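This report goes through one protein model for a reader new to protein structure. Please keep the sequence and the 3D view open while reading.

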Amino acid sequence: MVRYIIRRLLLLIPTLFLVSFAVFGMIRMIPGDIVEVMVSEQGYADDEEELRKILGVDKPLVNQYLIYMKKVFQGDLGRSLWSGEPVVNEIARRFPVSITMACMALLWTVVVGISLGVLSALFQDTWLDYILRIYAIGWLSIPGFWVATMVVVFGSMYLGWVPAMNYTPFLKDPMANLSQFFVPSVILSLVLSASIMRMTRTMMLEVMREDYIRTARAKGLSTWTVVLRHALKNAMIPVITIMGLQLAFLFGGTIIMEHVFLLPGIGSYMLEAITWRDYPVIQGIVLFVASALMIINLIVDLLYAVFDPKIKYA
């Protein structure tokens, strides 16, 4: 197990290297650059060449990349070209907002998706099953950003509710803090819970036909005992796989939700950086998110052994 984990962690290095190379190149292929934005739109300076030297973007791209990677290996993700603030500090300040959103959305996803999937499988081809399947297909078809926009628009028009304009830290007011995440996290979890529900239903239907389930029922065990102690655990491995893949979508979805609901997380910081061509910020956030997703995928792989003792990592 330890050797497997070490090998997987070592694989992070070449993967992150490829990610950094791709991001570094692609964001500089976008028409226009930060110097043009600063000079033509913001009037920061009159001399473009001098400004390029100050920002360090006057060197060839290969040299810029090598300098950047040298700093990355030293734990420095660079500084914002606009504010001069270290990217690491900004990510650390905004990370609690994004992780709170992601954890709450994941909580709704697991609770709602797995519960509805089990119910749909147990009442197969009944009116309840049809309603739950319609629910899943419906939310898979509706974009989350549209739902978020409609909630804000209709909430303000008919309910007098609008998202809080100022973010409230958890330590200052825990209830106010969590209430700011309630609506966006529920909306973010709708698509995820729908796909989890469909996968859980499919796997439960398959597992419930196995011989050991019939044996458990023949012993006189109740339906819920059979489901919770025998069927659900064996049906969870494909569901966990889907959840691991959807975490990437979850991180992407927080960008839209943070922007719509005015939450100062990593997602909104990313949008600002893209708008203003703040290269170090974009690169730093992408590397951070890529690292987090790879570690999460490792944790998902290790969870397989928890749900299925036959799986060994040697």
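The sections below cover the basis of the model, its pockets, a surface patch, and its salt bridges.

## Basis of the model

The model is predicted: local features need pLDDT of at least 70, side-chain atom pairs count only at pLDDT 80 or more, and totals for chains, interfaces and linings use all residues. Residues are numbered from 1 along each chain as its sequence is written, and side-chain values use heavy atoms, with hydrogens and water left out.

## The largest pocket

Rolling a probe the size of a water molecule over the atoms shows where empty space is left. On a 1 Å grid over the protein atoms alone, a pocket is an open set of points where a 1.4 Å probe fits, with protein on both sides within 12 Å along at least five of seven lines; its lining residues have an atom within 4 Å of a point. The volume is the space filled by probe spheres set on the points, which are joined across faces, edges and corners.

The largest pocket has a volume of about 420 Å³. It is lined by 18 residues, and Leu55, Gly56, Lys71, Leu81 and Pro280 are the closest to its centre. Helices here are DSSP runs (H or I, at least four residues), numbered from the N terminus. Both α5 (61-73) and α13 (279-307) supply at least two residues of this lining, and α5 gives the most, with 4 residues. By type, the lining has 9 nonpolar, 4 polar and 5 charged residues. In this count, Ala, Val, Leu, Ile, Met, Phe, Trp, Tyr, Cys and Pro are nonpolar, Asp, Glu, Lys and Arg are charged, and the others, Gly among them, are polar.

## The second largest pocket

The second largest pocket holds about 270 Å³ of space. Its lining has 13 residues, of which Leu16, Val72, Leu77, Leu287 and Ser291 are the closest to its centre. Two or more residues come from each of α2 (12-27), α5 and α13, and α2 has the largest share, 5 residues. The lining of the second largest pocket divides into 10 nonpolar, 3 polar and no charged residues.

## A nonpolar surface patch

Val153, Phe154, Met157, Tyr158, Leu159 and Trp161 make a nonpolar surface patch of about 670 Å². Such a patch joins nonpolar side chains (Val, Leu, Ile, Met, Phe, Trp, Tyr) within 5 Å, from residues with over 30% relative accessible area and no salt bridge. The areas come from the Shrake-Rupley method with a 1.4 Å probe, and for residues only the protein chains shown count as cover.

Leu159 belongs to helix α8 (residues 144-159). Leu159 is exposed, at 71% relative accessible area; exposed means over 50%, buried under 20%, and partly exposed in between.

## Salt bridges

A salt bridge puts a side-chain nitrogen of Lys or Arg within 4 Å of a carboxyl oxygen of Asp or Glu. The whole structure has 6 of them. One network links Asp125, Asp129, Arg133 and Arg201. Asp129 and Arg133 are separated by about one helical turn because they are 4 residues apart in helix α7 (residues 127-141). Asp129 is buried at 0% relative accessibility, whereas Arg133 is partly exposed at 30% and Asp125 is partly exposed at 47%.

Asp211 forms a salt bridge with Arg214, with the closest N and O atoms 2.2 Å apart. These two residues are 3 residues apart in helix α10 (residues 211-218), so about one helical turn separates them. Asp211 is exposed at 52%, and Arg214 is partly exposed at 47%.

How values were computed
Patch = residues over 30% accessible without salt bridge, like charges linked within 9 Å, V, L, I, M, F, W, Y side chains within 5 Å. Buried < 20%, exposed > 50% of the residue type's maximum accessible area, 1.4 Å probe, protein only.
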